Amino acid sequence: MAVSTGGKAQRTIAMIAALTLGIGASAQVLAQAVVVRSTGPSAVNYPKGKRLPANAAVTLKAGDVVTVLDKAGTRILRGAGTFSLNGAVNRDRGAAALLARSLSNPASVRAGAVRGIGDTSGENILPVSIWLADTEQGGTVCVPRGSDLYLWRTANSRRSFTWLTEATGGEMVRMQWPPKTVGIAWPKTMLAPQEGRTYRIYDEATPDTVAEFQIVMIEPEAVPADAEALGTLLLDNGCKAQFDWLAESLAEEPPVVSP
């Protein structure tokens, strides 16, 4: 039986419309916030890292405080009450993009340039980028492929020397940290960070205290510009310290949401 050209066209249009609706629905489902921390009676329902879909209702009891990371930054929800994550974000979305920028040929980063929430002493320093390896915590470290990587420390009052090497042995690199310096470039010309490798670092004065890093390479085009998607990418790859840095760096004067 013959099928008219008009019938084919109508079915094609209907298929495209259905596909478009499906894509729109999927995008809505994927839109979400991520729990950064929670305290209070309902904390068990909102553990760190939990994904909350768009328009989710967050019901809290008296004494509950839940901090979430959405597309623009952090939100603090305080109970009792029910809160809707409706995506109505009026904050600056550019801060997350700045933190996600690649660091090319980084120089030493001195303390005092970026401080923590409410801190005027310069003691609580926050990173200027999330592509950092915490020399005090260790753990999995994400870095865009082809980007440089910082080594980071919070205890920055004194000059110190550290040694960096692969966990399996081989080349050892000695690095100097001047006083009041919180970040130095990973010595890639002597020991390039490679995906899947584990590295060890220790302070020369305390050789028994060792931190280990596992490197995960992220394709540059896969690095999102909004905070929620970036936080999710870090958590999905096990880069928990960088997720914490992202959330804390975007938490300066965060909006406190009440019902």
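**Figure 1. Helices H3 and H4 are roughly antiparallel to each other.** In this predicted model, the two helices pack at an angle of about 160 degrees, and an angle over 145 degrees counts as roughly antiparallel. The axes of H3 and H4 lie 8 Å apart. H3 passes H4 in a left-handed crossing.

**Figure 2. Residues at the contact of H3 with H4.** From H3, the residues Ala227, Leu230, Gly231, Leu234 and Leu235 take part. Their counterparts in H4 are Gln242, Phe243 and Leu246. By class, the residues of this contact comprise six nonpolar and two polar, with no charged residue.

**Figure 3. Helix H4 is mostly covered.** Of the ten residues in H4, seven are buried. These are Ala241, Gln242, Phe243, Trp245, Leu246, Ala247 and Ser249. Among them, Gln242, Phe243 and Leu246 also meet residues of H3.

**Figure 4. The largest nonpolar core, with Leu234 and Leu246.** This core holds 21 residues, and Leu234 and Leu246 are the members that touch the most others. At least two core residues come from each of strand E1 (32-39), helix H2 (94-99), strand E15 (210-218), helix H3 (227-236) and helix H4 (240-249). H3 provides the largest share, five residues. Apart from this core lies another, of 18 residues, which includes Trp186, Tyr199, Ala211 and Phe213.

**Figure 5. The surroundings of Leu234.** When neighbours within four places in sequence are left aside, Leu234 is in contact with Ile130, Trp131, Cys142, Cys239, Gln242, Phe243 and Leu246. Three of these partners, Gln242, Phe243 and Leu246, belong to the H4 side of the contact between H3 and H4.

**Figure 6. Thr59 in strand E3.** Strand E3 spans residues 57-60 and includes Thr59. Thr59 has a relative accessibility of 46% and therefore counts as partly exposed, a class that lies between the limits of 20% and 50%. Beyond neighbours within four places in sequence, Thr59 is in contact with Ser42, Tyr46, Gly81 and Thr82. Thr59 and Ala80, although 21 residues apart in sequence, have C-alpha atoms 7.6 Å apart in space.

**Figure 7. Overview of the protein as context for the close-up views.** The protein has four helices and 16 strands. Of its 259 residues, 42% count as buried. Among contacts between residues at least 6 apart in sequence, 57% join residues at least 24 apart.

How values were computed. Residues are numbered from 1 along each chain as its sequence is written. This is a predicted model: local features need pLDDT of at least 70, side-chain atom pairs count only at pLDDT 80 or more; totals for chains, interfaces and linings use all residues. Side-chain values use heavy atoms; hydrogens and water are left out. A nonpolar core is a set of buried Ala, Val, Leu, Ile, Met, Phe, Trp, Tyr and Cys residues joined through side-chain atoms within 4.5 Å. Buried means under 20% relative accessible area, exposed over 50%, partly exposed in between (1.4 Å probe, protein chains only). Contact means heavy atoms within 4.5 Å. Axes are lines fitted to C-alpha atoms, for helices over the stretch in contact, and angles run from 0 to 180 degrees between N-to-C directions. Angles under 35 degrees count as roughly parallel, over 145 as roughly antiparallel, 65 to 115 as roughly perpendicular and the rest as oblique. A crossing is left-handed if the near helix is turned anticlockwise from the far one by less than a right angle, and right-handed if clockwise. Ala, Val, Leu, Ile, Met, Phe, Trp, Tyr, Cys and Pro count as nonpolar, Asp, Glu, Lys and Arg as charged, and the others, Gly among them, as polar.
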